[in-house]
Amino acid sequence: MHPTNSGPHSFCSEVVMMKFLGSMTSIRYFCLGAAVAILMGVSGCGDAQESYVYTSSVWDSGFSRPVLTGRATFQRLLPIADMDSDRTGGVEASLDFLNPISRPVRFARIELLDEDDEVLGDGSTDGDGKYQFEIPTGAGPVRLRIYSETVEIAGESAPISVRDNTQDNAVYAVESEPVERRSIEVDVEIPTGYDSQGEPIGATRPSAPFACLDGVLTGYRYMLEGGADPSGLPLCKVNWSQRNRPESGEQAQGQIGTSHFSFALNEIFILGFREADTDEFDWHVMIHEFGHWIQFNRFRFDPVGGTHSGGEMKDPRLAFSEGFGNAFGALALNDPIYKDTSTPTGHAHSLECNGKFGGWFSELSVEAILYDIFDPVRVEGGDSNFDDQIELERSKFVDALLYQRSSSALTTIFSFLQGVVRSGLSPDESQGLVALLQRESPSATHGINSLDEFAQGETHDGGIYPLPLYTDLTALIGQGPISITVGGQEDDDAGNWLSGVRFYTFIGDGGDITVTVENSTSAVGSLALEMYEGGERIGEEGDADSPFEDVQIGGTTEDGVIYVLAIRNLGTTSSTTNLSLTR
């Protein structure tokens, strides 16, 4: 212990032991013992970028009573991958157990407790993990309790909470041993629970939920600093457990399938099973899933589920949402190398060098384009993916998402690009955007060359999609059915291939209109119909469990509003059927 001076008080500084909490009367708390850590880039998460600090009365100067101050940090493991940002292809990624780094526990809820577990004070750590409490007169030994959740700051942020989905949604927390001195400084360091060889030290991994919290917070703050409005946002619930494993089944048993955002529950689930795959330190993964959450809760998310991987030709809504998630993580972390570790090895690839695999239907193209629009300008000539001449501020990133939310078009790369254009570009920026898209158009069939939200003028069809992307049916309302052909899916499981979807539009006139996709003698499998009104999904009918049945959606339209129909073939065989819009 080393005495320090701070104003009128003399403080002693020490690092205290932390313990893990068990069942309590009102809520169960769990402290973990070791964190698997994996992050995709230390640069760009910088502490110097903190722009606000939570304040309350206990932070005022001129204390008349003893004061307890200190700093809370957690240990994080970083990923290692043998590649740089201009290398194509992918490599293995793993965790660096030899060199954990220390990160502040930012904006976390913290309490001061007495020996009877009564709360003497509550508040939050600041952006550097610091806290401060006045100790009430007559209080005996006190303890600190730090929760794996942030506080809500009016007008600045909504709360984030990391909970154990396998233990009745308990909030994680760490707690100090009793402190009997007065006016001292207590620093808290929450360990990973791994040794330098990656072997577990104990049964728990204490810093893991705090790493989850800080990973999501990093993405959140990128949006906030870009001007995103946190007003009215709900709690962002992140479900993490050491039992969360890549199996299908009961989420309460840890069978979550993979790290994902559940739009049905409006919650994030993160893998944590050490023997298979852990993601609490894979912050590209973490921020990717938070990206879906913020799309769903603040911007817009047209969900299309199913399996996917880079380079595949998918429904452009899926291509955008997945490419957006990866680009968002890379921008928030200032690191274009996407890293996802697992046991025994993981995967890493560069967003800078993967765009030329597809077009508006490829998540790899989407992530490369979105990242390059907002990353620093680098001109190296030749065929380098660094050779882009546009660098927009992050406020335009948020502006584009807001425009996409209001668009009548679906959430594809096209509505986002139109949002970028509408955000207000200089002549040089406009030229740089066009040049970027030209670079990402490697052939007559693969690429992007439209900035229109409905993809008007797009000429790249992937070799399989009958352009235009949206076919206007307004003139056919009440004119009888038309024959349409929707290609089959490339496999039985995904249901999200570009080959198996078609998009149509019509303009409402204030009257009643019913849309029907009829069964016909040549129809094979199941057709699903979705209808969007001015960008809001208002109906969905049809699924793989009801083959050969007609699907129908109808109602009173709004005059002048653009309606979008998405028709998916859920089978693997091309289907020709009848589509009608009747009054």
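Buried here means under 20% relative accessible area. The model shown in these views is predicted.

**View 1. Burial of helix H6 in the predicted model.** Of the ten residues of H6, eight are buried, so the helix is mostly covered by the definition above. The buried residues are Ile 413, Phe 414, Ser 415, Phe 416, Leu 417, Gln 418, Gly 419 and Val 420. Their cover includes helix H3 (316-333), H4, helix H5 (394-406) and helix H7 (427-439). After H6 comes Gly 424, with a positive phi near 100°.

**View 2. Packing of helix H4 against helix H6.** Two packed helices are described by the angle between their axes and the distance between the axes. The axes of H4 (residues 363-374) and H6 (residues 413-422) come within 12 Å and cross at roughly 10°. Because angles under 35 degrees count as roughly parallel, H4 is roughly parallel to H6. On the H4 side the contact is made by Val 366, Ile 369, Leu 370, Ile 373 and Phe 374. H6 contributes Ile 413, Phe 416, Leu 417 and Val 420. By class, the contact residues are nine nonpolar, no polar and no charged.

**View 3. The largest pocket and its lining.** The largest pocket holds about 800 Å³ of space. It is lined by 31 residues, and those closest to its centre are Ser 259, His 288, Glu 289, His 308 and Glu 322. Two or more lining residues come from each of strand S16 (260-262), helix H2 (283-297), H3, strand S20 (337-340), strand S21 (347-350) and H4. The lining divides into ten nonpolar, 15 polar and six charged residues.

Definitions and conventions
Residues numbered from 1 in each chain as written. Predicted model: local features only at pLDDT ≥ 70, side-chain atom pairs only at ≥ 80, totals over all residues. Heavy atoms only, no water. Axes fitted to C-alpha atoms, helices over the stretch in contact; angles between N-to-C directions. Helix = DSSP H or I, 4+ residues; strand = E, 2+ residues; numbered from the N terminus. Parallel < 35°, antiparallel > 145°, perpendicular 65-115°, else oblique. Contact = heavy atoms within 4.5 Å. Nonpolar A, V, L, I, M, F, W, Y, C, P; charged D, E, K, R; others polar. Buried < 20%, exposed > 50% of the residue type's maximum accessible area, 1.4 Å probe, protein only. 1 Å grid on protein atoms, 1.4 Å probe; cavity = no way out; pocket = protein on both sides within 12 Å on 5 of 7 lines; lining within 4 Å. Points joined across faces, edges and corners; volume = space filled by probe spheres on them.
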